[in-house]
Amino acid sequence: AQVDKAGHRHFMAKEIAEQPSRLTSALDHYLTEDGTIRLPAPGIDFTDVDRLTLVACGTASYACLVAKYWFEQLAGLPVDVDVASEFRYREPPIPPRTVALFVSQSGETADTLAALRYCRDKAQSIVSVVNVSESSIARESDLALPILAGPEIGVASTKAFSCQLLVLAVLAVEAARQRGKLDDNALADRIAALRALPGLVNHSLGTSDETGRIAAQLAEARDILFLGRGRMYPLALEGALKLKEISYIHAEAYASGELKHGPIALVDKSVPVIVMAPHDELFDKTVSNMQEVMARGGQVLLITDREGARVAGHGVWETLVLPDVAPLWAPILYAVPAQLLAYHTAIAKGTDVDQPRNLAKSVTVE
Ligand code: G6P
């Protein structure tokens, strides 16, 4: 079927707006009515696994980095994350009882496919998280998990990222359950919090106009920094990548705690600093990093929730307030402002949102 913009100005806008329904499709696919997790055969026996290797490129690699926090914290399962172009040539040893998991929207990215084949040649068990079910990566996997995002046309990945995260979240919960790390109540809580996400994402889409107003000012900047801690660090990376891809503004992301080890040297009043920080267990630490930025004249955009804005919103340049979300799943919700900021900044700059210069949707050559 022909994919059209369904009344939106760009495919990217349409794909951002579709996220509540696409996340719902993925939830319906992986969760049963009675709240248990359903994986396609042959499933994964996580009691038989000591380590996960997650490999991808671009936005999908940031989904992997978020998943590392989930698998390690929830399931006590150590995770290595690598970009495929590095993994494939490093000749990484493959320890026993390891599962290699590849994440790819297209399922055709050359480096990711080569990394998969490297693992397959070493007789490793291969799982993939893909959007295109007929793709090479899906076909060459022992288990291919669809993300059900539907066709993604905009070069900058949006709904595929949130759906990748969702499927990885389900997998991490399943791993925790199998490994005896979650009792029935905790399991039900985690799943209920996943089920709440489409509604929260929908609510966050309502910040689009406000984001547009802020983006009009970001569009003037030459450099922008993104900061996040813990599971929000990969979101900072994704926010910076989105912005670079479509607005061509130089953006860098750092783990908040690394600020003092270099990037703070860049901070002055001409460098907006975007801080992604729900009011979670690491919030205070992030706020103290944020204050170091403000003490040097940095203009902070704080993306947080109501409590975060109440505690730390004074004196910042701007705040964007998102609904409360289970801290564990906050990365899925905070993907929305990352996308909207990039989108509106690109609009303000007049760039080609859906077809940014020099980039391809699917990189099938090395
Ligand atoms: C290209 C796209 C990115 C994407 C990356 C990985 O660079 O422009 O948006 O994240 O490839 O693509 P994949 O299809 O493997 O997820």
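This is a predicted model: local features need pLDDT of at least 70, side-chain atom pairs count only at pLDDT 80 or more; totals for chains, interfaces and linings use all residues.
Trainee: What radius of gyration does the protein have, and why does it agree with a compact globule?
Mentor: Along its principal axes, the C-alpha trace spans about 55 × 45 × 40 Å. A compact globule with 366 residues would have a radius of gyration near 21 Å, so the value found for the protein agrees with that expectation. That value is 20 Å.

Trainee: How much of the protein is made up of buried residues?
Mentor: A residue counts as buried if 20 or more other C-beta atoms lie within 10 Å of its own. The protein, whose secondary structure comes to 14 helices and 10 strands, has 366 residues, and the buried share of them is 52%.

Trainee: Is helix 7 mostly covered or mostly uncovered, and how many of its residues are buried?
Mentor: Helix 7 runs over residues 159-178, and at 1.5 Å a residue it should span 28 Å; its end C-alpha atoms are 29 Å apart, which agrees. After this helix comes G180, whose phi is positive, near 70°. Helix 7 is mostly covered, and the number of its 20 residues that are buried is 19.

Trainee: Is Q291 buried, partly exposed or exposed?
Mentor: Q291 lies in helix 12, which covers residues 283-295, and its C-alpha atom is separated by 9.1 Å from that of V316, 25 residues apart from it along the chain. A residue is buried with 20 or more other C-beta atoms within 10 Å and exposed with 12 or fewer. Because Q291 has 15 such atoms within that distance, Q291 is partly exposed.

Trainee: Which helix gives the largest share of the shell around the ligand?
Mentor: There are 16 residues around the ligand, of which G58, S104, Q105, S106 and T109 come nearest. By class, this shell has six nonpolar, nine polar and one charged residues. The largest share of the shell is three residues, and these come from residues 58-75, that is, from helix 3.

How values were computed. Residues are numbered from 1 along each chain as its sequence is written. A residue is near a molecule or strand if its C-beta atom, placed from the backbone, lies within 6 Å of it. Helices (H or I, at least four residues) and strands (E, at least two) are DSSP runs, numbered from the N terminus. Ala, Val, Leu, Ile, Met, Phe, Trp, Tyr, Cys and Pro count as nonpolar, Asp, Glu, Lys and Arg as charged, and the others, Gly among them, as polar. The radius of gyration is taken over C-alpha atoms; the globule rule is 2.2 Å times the number of residues to the power 0.38. The expected span of a helix is 1.5 Å times one less than its number of residues.
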